[in-house]
Amino acid sequence: PFDFSFDAAGNDKRLHLNELFVRLAGVDFHAEGDYVTNLLSLSLYINRRSSAPATADSLLTGRLHSEGHLNGTVAPLDLDFTGTARGYDLVVLGHPYGDIHGNVTGRFARDVATFNVNELTMLGGHWSMDGQWPDEDKTLADQSSALRVNVGLDRLDLSQVGDLLSV
C-alpha cells in the first residue's frame, strides 16, 4: 500500500509547502516548510507506529519517531540541519538495532558539508560521530574527494552486534 498527499501554494516570491505526506510499507514521511526570498525552512518527519502491521516488504518494524529541520539560504548555499531520532525494538531491512536514541546537527555550505551525531544510543553502546565532505584539503568540485567520518564508541553490546550481523 502506498498513500500520497501534496499541498503547496506560492508565487514568484514565496512557496509554502503545507504538507507532503507519503506512507509506504508502514512508514510515514511528512514534510512542511517555506521558501521565501532565498530563505529555506523545511521540517521532515519520519515515523512508524508499532501498531502498524509488519509485512515481508517492511522497511522498518518496531516504533520510530524522528524529525529534522533544515534552515538557511539557498544562494549562496548555507543550510543548517538539526534532528532527533527515537526508535524502540527497531529492525531496519531485517537487521535488528533494538532501541536507539540520538541527535544530529549538520551544515551544508557552498564548499563543505559537515555533520555531528551525539548522544546516540544504539546496539547497547554510546556513539558519537562527525564527518566532513569533501575532505579538508579538497573542494566540492573535486569528485574524487572522500567523506571523512570519525566514530567514537563506548560500551558496545557484542551480543547485539552479533544479532545484527547474523541476519
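Strand E5 (residues 60-73) and strand E6 (residues 78-92) are paired antiparallel over 13 bridges, where strands are DSSP runs (E) of at least two residues numbered from the N terminus, and where two strands pair if DSSP finds at least two bridges between them. Within this pair, Thr61 stands opposite Val91 in E6, and a hairpin of four residues joins E5 to E6.

This is a predicted model, in which local features need pLDDT of at least 70 and side-chain atom pairs count only at pLDDT 80 or more, whereas totals for chains, interfaces and linings use all residues. Residues are numbered from 1 along each chain as its sequence is written, and side-chain values use heavy atoms, with hydrogens and water left out.

E6 also pairs with strand E7 (residues 95-109), again in the antiparallel sense and over 13 bridges, with Leu90 standing opposite Gly98 in E7. The hairpin of E6 and E7 has two residues between the strands, and in this hairpin Leu93 takes a positive phi near 50°.

These strands belong to an open sheet of 10 strands with antiparallel pairing, in the order E1-E2-E3-E4-E5-E6-E7-E8-E9-E10. Strand E1 (2-10) and strand E10 (148-154) are the edge strands, each of which pairs on one side only. On average, neighbouring strands of this sheet are turned by 10° against each other, direction ignored, the axes being lines fitted to C-alpha atoms and the angles running from 0 to 180 degrees between N-to-C directions.

| Salt bridge | Closest N to O distance |
|---|---|
| Asp3 and Arg23 | 4.0 Å |
| Arg14 and Asp34 | 3.0 Å |

Arg107, at 38% relative accessibility, counts as partly exposed, as does Asp78 at 28%, where buried means under 20% relative accessible area, exposed means over 50%, and partly exposed lies in between (1.4 Å probe, protein chains only). Salt bridges that share partners join Asp3, Arg23 and Asp28 into one network. Of these residues, Asp3 is partly exposed at 36% relative accessibility, and Arg23 is partly exposed at 30%.

Key: A salt bridge is a side-chain nitrogen of Lys or Arg within 4 Å of a carboxyl oxygen of Asp or Glu.
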